[in-house]
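Notebook open. I want to look up strand pairing, aromatic contacts and charges over rings.

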Amino acid sequence: MEQTKTHFLVINITMAQTTTHFLVINITMEHTSTHFLVINITMKHTTTLLLVINITMEHTTTRFLVINISMEHTKAHFLVINITMEQTKTHFLVINIPMKHTTTHLLVINITMKHTTRLLLVIKITMELTTTHFLVINISMDHTKTHFLVINITMENTTTRFLVINISMEHTKTHFLVINITMEHTTTHVLVINTIMVHTSTHFLVINITMKHTTTLLLVINITMEHTTTHFLVINISMEHTKAHFLVINISMEHTTTHFLVINITIEHTTTHFLVIDITVEHTTTHFLVINITMKQTTTHFLVINITMEHTTTHFLVINITLEHTTTHFLVINITMEHTTTHFLVINIPVKQTTTHSLVINITVKQTTTHFLVINITMKQTTTHVLVNNITIELTSTHFVNSTISHNVNVAFHKPAWLSSTWYWKSKAENIVDGTKYTDDDAFFDRCVHTRYEQFPRWWVNLTGDYTIARIDIDYRRDTRYRMFGYKLIVSDTEDRRLWNSNHQIEGHICRDETRRNPPLQQTVPCLARGRFITYADNEGTVDPNPYVELCELEAYGCPTGWFGQDNCLEQCPDGCRDRVCNPDNGTCFAGCESGLQGDICDTACSHDSFGLGCQQSCFCDVDTCDPRNGTCPSDRCQQGWNGTACNQRCVDQTFGQNCEETCHCLQGPCDAANGTCLYDGCEPGWQTESCSKECDKGRFGHDCNLTCGACRHNAPCDHVTGKCPNGCSDGWTTSFCDEACPIGTFGINCTGECFCKNGTCDPTHGVCPGNACDRGWNGPSCSSQCDPGSYGYNCDQSCNCQTESCNRTTGLCPPGGCKDGWRTDTCSQKCDQGSYGTNCSGMCGSCMSNDTCHHINGHCSRGCTAGFKGELCDKECEDYLYGINCQHSCQGCQEGKCQKVHGDCLSGCISGMTGDLCNLKPVPVAQNMSTTIGAAAGGVLVIAAIVLIAVFIIHHRRRTSSVERSVEFHKTDTSEVCDIVSPNVQDLKEDKNTTKMSGDLITTNDKSIYSFINEEEGPKGENIYKNVDDGISVGSIASHLSTYLEETDDNMSEDMDHSENVYSNYVATVDTKINVSELTEVIAFKKESGAFKEEYAKFPRGLKHSHECGKGAVKKDKNRFKDMFPCEYEF
């Protein structure tokens, strides 16, 4: 929006159940004026990789400005919220950023304000049940003016690896400034809180930092103020049940002016390895300055408190450092004041029930002016191995100074003693415990001990009983204090004059290990220890080559173990003290209490949530308190997140809930032990809900349950983690996820069935092939059955006839051994060619009837043999005296009884008395009288006339489709030959030198006799041009042969044509027309049935082959009356 004016402006952006990779929301306003401006951005159940929200306002004026950014159940790898305001004016500005159940790797919130003016400014950032790896909150204000400024940052049940909160203010003016940072049940590796104020002016400034049940590796709190002016300044830092490896609190003030300055640092039930508190006040002016540092039930390895004040002016300065029930290895308190002016200066350091190995308190006051200076250091029921109290006051002006530090029986007096070596004979070990103080240097050897130069000089005393020591006083030789460097004061339980182990370390309880080069000659060494022997030893030298022992007196104050009291140890230690060991002075149980007790004198049972020695162990029972001695919960029910007999073992290994009975399945790292919420990257594959304790819904699996199960058998659910089907796949599906259809060629359960379809694809469920078309070698409903022996090919519809074994079911090829009788080709699927049979078709068929082929296996003729042959195979000719079909006719009339096998013509003529071609006729006798002759002649003439008429009719009928000049030649052959009708080339006949001119008589040539009927001349115009003979044809010549011709025509005509020219067409015939007359009926029936007539007809050529110029001429026009038919082409 640019240069926009409106009374009411509301921007609402709502997202619910939204998933996206990248989500960017940009809201920019420049030169915008509105009375009410509300921006609401709400996200619920939203998942995104990158979420960026940018809200930028420049030169914007509004009375009420509200920005709400709300997120619930939102997941984002990277979440950035930027709110920038420059030169913006508003009466009321509220920024709310609540987050619940939000998970992100990186969360950055930047709020920047420059040159902004407003009456009320409230910034609230709330996080509940939020998980993030990196969390950064930056709030920056520069040249900002507001009457009321409140910044609230609240975190509950939040988990993050790195948490940084930066609040920076420069040149900012406000009447009331409140900064609240609250953290509860928050876990982070690194936590840094930086609050920086430079050139800031405010009437009331309150900074509250509260942490409860917070765990972090590194916790740093920095509060820096420079050139800051405020009437009331309060800084509260409170920590309860907080765990941190490193805890650093820095409060620095320079050139700061305030009427009231209060710094409260409270730490309770906190555990840390290193705790450092630095408070620095320089060039600061305040009327009242109070610094309170309180620690209760805090455990730390190193505790350092530094309070430094330089050039500071205040009317009242109070420093309170309170330690109660605090355990630390090293405790150092440094209070330094230089060039400080105050009317009243009070320093209180009470230490109660505190245990530490080394306690150092340094208080230095230099060039300080005060009316009243009070320093109180109180220690009650405190145990320390080394105690150093240094109070230094130099060049200090004060009207009143009070410095107090708040001591039974010398149990070493006149007890047996021993010395490792003697410098002088008067130096006896008993001198040290004789009760005489050393005062005169001349009497040194009479009152003290002096060892020789040696590597490990030492002195010890036997207390002759079990004692509890409170303190040891020692007195050393004058002017040789440097020789005390490195001495050790030890209390031990056993008598061992060596007192050194293999590592040159002293056995026992070390009360003092002197490290100062010039320590005091008289020392009181606090030493709460139980033992029988006290040893003074040295193993370090300074100026001298080897150390000495020059001890003058040692007094050990304590009581027999089990007793206490400054009046001769008449009181018994409390029953609750562990092993009845108590402080000899006051009876407190410094060595701890018996199990289940607590308190200074171990008279109080452990609280409801603690037990054991010193009540140091915690129990987390569900309802009742645990047994204070062993921690057993009466109901055996633990709180959420705990288990064990004492309910003091945190849930581990992906468990949570009551007694850790529930299991979470987080992708990375543990879950929250109480509620199971995954702290980092969500659930493992196969699990859902915030605790990752519920399996994916039926039919879902994988990460975030976003994958769908495959087709599992019986509709069973898949494995919620892996997605695998437990009982295999439904028919037609495969892979361990059952998400892929069966591969081509398979079907059924787990695709174990094979189908062999012609097109390669069958129904994956039932295996049925499309169109029931099987591949080569297969048949059946699913094409899964192999061909039976003897079949092959698609659907096994082809047969093979192999000799030895079945053929290949796919190709039909036979194995070595060849085919069965009657079959051929590689597949043995074709019968023998016509005319052959038997093994490898090597047999040749005999002479079957009508030229039938024989049976392809055995060679038998199905309809018998043709004339002249016999036998099953028709391969045997008739005997010489037999002929005809089945050799059933006898040629008895023939010479030598031999005749032609087919028609029976006698080969050597007839026997006497027989005539005819078959020699089966007897001759007719000739009549002797005329009448008989005349009658016979007349009868013969009639017969001849009838024959002539018949012949004319036949000839006329035959020559209707022939040329006028066609010649007919009758070849006189044997009666067994087929009658041939030929049409010789007319031109060849004209030119043939061996041919005599045909005139209608018998024409004799060199090789054969021919009967021809020739019309030598054309008839006159108008005559019948189709008559085939002249009027002068000899009847006698016809009659002499007509009988034989007509007889043989019906039985023997075979139409054996001379293929040099076909008189019935212009192309040589390709159809075999040789047919025996006797078989004509059978041939016709066969060709009708088989369709051979159509095939032969189709073979006749169409159209003209030659030009036929002569036949088309005018001369032949009358003879060639049909279109494109030229029977008359030439003339003789």
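I start with a cut-off: buried means under 20% relative accessible area, exposed means over 50%, and partly exposed is what lies in between. The model I am working on is predicted.

**Entry 1: ring pairs.** I searched the whole structure for aromatic pairs and got 17. I took Phe36 and Phe64 to begin with. Their planes are at 0° and their ring centres 4.9 Å apart, so I log the pair as stacked. How far apart in the chain are Phe36 and Phe64? They are 28 residues apart, with Phe36 in strand β2 (residues 33-58) and Phe64 in strand β3 (residues 61-72). Next I checked cover. Phe36 has a relative accessible area of 31%, so I call Phe36 partly exposed. Phe64 comes out at 32%, which also falls under partly exposed.

I then looked at Phe246 and Phe274. This aromatic pair is stacked, with 5.0 Å from centre to centre and 0° between the planes. Phe246 belongs to strand β16 (residues 243-254) and Phe274 to strand β18 (residues 271-282), and the two are 28 residues apart.

**Entry 2: a cluster and a patch.** Phe148, Phe176, Phe204, Phe232, Phe260, Phe288, Phe316, Phe344 and Phe372 make a patch of about 700 Å². I picked one member, Phe176, and found Phe176 in strand β11 (residues 173-184). Its relative accessibility is 31%, so Phe176 counts as partly exposed.

**Entry 3: strand pairing.** I turned to strand β15 (residues 229-240). Strand β13 (residues 201-212) pairs with β15 in the parallel sense, over eleven bridges. Which residue of β15 is the bridge partner of Ile207? I found Ile235 there. β15 also runs parallel to strand β17 (residues 257-268), joined by eleven bridges. Within that pairing, I noted Met239 opposite Ile267 of β17. A reminder to myself: side chains in a regular strand alternate between the two faces of the sheet.

**Entry 4: charges over rings.** Last, I looked for charged groups over ring faces. Arg471 lies over the face of Tyr557, 4.4 Å from the ring centre. Lys758 lies over the face of Tyr794, at 4.4 Å from the ring centre.

Key: Residues are numbered from 1 along each chain as its sequence is written. This is a predicted model: local features need pLDDT of at least 70, side-chain atom pairs count only at pLDDT 80 or more; totals for chains, interfaces and linings use all residues. Side-chain values use heavy atoms; hydrogens and water are left out. Two strands pair if DSSP finds at least two bridges between them. Helices (H or I, at least four residues) and strands (E, at least two) are DSSP runs, numbered from the N terminus. Patches are made of residues with over 30% relative accessible area and no salt bridge: like charges are joined within 9 Å, nonpolar side chains (Val, Leu, Ile, Met, Phe, Trp, Tyr) within 5 Å. Accessible areas come from the Shrake-Rupley method with a 1.4 Å probe; for residues, only the protein chains shown count as cover. A salt bridge is a side-chain nitrogen of Lys or Arg within 4 Å of a carboxyl oxygen of Asp or Glu. Buried means under 20% relative accessible area, exposed over 50%, partly exposed in between (1.4 Å probe, protein chains only). Rings of Phe, Tyr and Trp (its six-membered ring) pair if their centres lie within 6.5 Å; planes under 30 degrees apart count as stacked, over 60 as edge-to-face and the rest as tilted. A charge sits over a ring if NZ of Lys or CZ of Arg is within 6 Å of the ring centre and within 35 degrees of the ring normal.
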